[in-house]
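Biologist: Please show me the model. I would like to go through it by question and answer.

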Amino acid sequence: MNVADIVQAMFGGLSQYGEILALVSNSVWAGAVLGLVGGLIGVFVMQRDMAFAVHGISELSFAGAAVALLVGVDVVTGSIVGSLIAAAIIGWLGARARDRNSIIGVLMPFGLGIGILCLSLYNGRAAGRFSLLTGQIVSVQSEQLGWLTGICALVLIGLLVIWRPLRFDSLDPQSAAARGVPTVGVSFAFMLLLGLVVAVAVHIIGALLVMALVVTPAAAAMRVRSGPLAVPVLAAVFGVVSAVGGILLAVMGTLPVSPYITTVSFVIYLVCRAIGSRRDRIVRSTSSSATAVPQP
Amino acid sequence: MTSPADASAAAPRLRIRGAGIRRDDRELWSGLDLDVAPGELVAVLGPSGSGKTTLLRAILGLQELSEGTVEAVGQPVRRRGNRRVGYLPQARPLPPETPLRGRDLVTLGVDGHRFGFPIPRRGDRARVSALIEAVGAGSFADRPAGTLSGGEQQRLRVGQALADDPRLLLCDEPLTSLDLANQQAVVELIDRHRRTGAGALPVTHDINPVLDIVDRILYLANGRFTLGTPREVLTTRVLSDLYGVPVFVSEVGGRLVVVGAPDAESAAHHHDGPEGEGAA
């Protein structure tokens, strides 16, 4: 592949960009809503130290989708079922971080194995096969896109309803329980919402890359801000920019969408990290000079 | 003649009757009777594993008693958690990237239990500011919570615990890993709150920082307990009797030290070390 081929693959569709955009407008909307919800829920994923759980859920979601593909039922339903089962198991057995990581470590290869088995037994169109692992939003049918968008909206509402108790529980479960927060119920509700977001993300960006929309934007936001409003808002903005930006860049050519989304979200993270470490240095130097003042 | 308000002011903030807790077939303590009067401060002492934290959890309704009853702030404890009881957990440093400012730790005490869309209620902001003022955290309340020192975080946690002006304040090792100045600051905040007529029940492994403000001591050890003033409880005779082994209480440089008290767990299974065999 020479440079001309690469340029053709990346920008070949530029002359018909307007027509392509009209075709993928539903995908752009789905990506935007997922980016928004993924960024928001990611803040809690980071605070509860559950990035690995996201990965584990996404592999079982992939398995559910692959099983659904093989037996001929709706793939989105299959991914949601797989995702919710994984989220429930992790939420139920993995209350403590150490237990959780070992349970995820056990579940994840099993889920991937089941999924790969089902995909190899599947005789249908080859194009659909690996899109579950690496994602191809533009090939998702518009009816399913409606479902995915609706699920994201549902998660958004659920997340806002439990927002304050969840924030309390994520920071200090003991104090939250002491003040009457039903911590077990809140944690379980969070796992179910996370399961739904991951199931949607599997279709849009692929099971292997879910974290680019559910972990990276929040991690980036937490590098540069610490306010209770600023972090979620910024994470949501980063998520939307990554998802929408990735799709808009990808449809200029013939390459898959996911690498664009992961790259955009990674670049945002790098920039935030650079800004964050600069800010840390400034804070440290000002606080050390402040303590130096009273000394004679 | 007493009005109802006077009667409620005189009623105990905490009333425990015949309480006991068994865990893994081991009796942590039993037959515990304790009244905490308004404005009274009862320190809970004892070796680790003696069930001090479990006692606090039972008062909050987070741990079921094997026997007996607990009444907190005039009401039997039934549900899990109680907003009328303040709870100050052990000081644990927050992760540096915690997406909250210092002020938000206090806000959690005010609205952290509320479900529904997170729209601030009228008066919440003023309440949070008043609490921050009360614990002297105004100068650092707007900095990121994860960058605050342990003492600053603990002051804000006191503010969180006092959100509903609780008539009973439980503290679990409130002074651990704080420097002397911050220990004094937190002790003063606890003392000031109980002077408003609230009962206070701090769990601590070191009595010295709170010795000046303690009314009585509940000493848990060995599945049993002793209750009394510091002078009554912290003596060689009483603690030796409680532990069942010789324990010495002495004053060193103005500090009370308890020497020879075994831990609850290690006392249960003593065995000869390998060095005994090597010496032969």
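Predicted model: local features only at pLDDT ≥ 70, side-chain atom pairs only at ≥ 80, totals over all residues.

Biologist: What radius of gyration does chain B have?
Modeller: The radius is taken over C-alpha atoms, and the globule rule is 2.2 Å times the number of residues to the power 0.38. With 280 residues, a compact globule would come near 19 Å. Chain B agrees with that, at 20 Å.

Biologist: How many helices and strands does chain B have?
Modeller: Helices (H or I, at least four residues) and strands (E, at least two) are DSSP runs, numbered from the N terminus. For chain B they come to 10 helices and 12 strands.

Biologist: Why is strand E8 of chain B largely enclosed by the rest of the structure?
Modeller: A residue is buried if 20 or more other C-beta atoms lie within 10 Å of its own, exposed if 12 or fewer, and partly exposed in between; C-beta atoms are placed from the backbone. One side of E8(B) holds B:Gly199, B:Leu201 and B:Val203, the other B:Ala200 and B:Pro202, and all are buried. E8(B), residues 199-203, is enclosed because the buried residues number 5 of the 5.

Biologist: Which residue of E8(B) is the bridge partner of B:Cys171?
Modeller: Strands pair if DSSP finds at least two bridges between them. E7(B), residues 168-172, and E8(B) pair in the parallel sense over 5 bridges. B:Leu170 bridges to B:Leu201. For B:Cys171, the partner is B:Pro202.

Biologist: Which strand is joined to E7(B) by 4 bridges?
Modeller: B:Leu88 has B:Cys171 as its bridge partner in E7(B). The two strands run parallel, and the one joined to E7(B) is E6(B), residues 85-88.

Biologist: Which helix makes a β-α-β unit with E7(B) and E8(B)?
Modeller: The unit is right-handed: with the strands pointing away from the viewer, the path from the first strand over the helix to the second runs clockwise. The helix, residues 180-194 of chain B, is H6.

Biologist: Which helix supplies the largest share of the side of chain A that touches chain B?
Modeller: Residues are in contact if their C-beta atoms, placed from the backbone, lie within 7 Å. The contact takes 26 residues from chain A and 28 from chain B. H2, H7, H8 and H9 of chain A each supply at least two residues of the chain A side. The largest share, 6 residues, comes from H8(A).

Notes. Residues numbered from 1 in each chain as written. Chains lettered and ligands numbered in written order. Contact = placed C-beta atoms within 7 Å.
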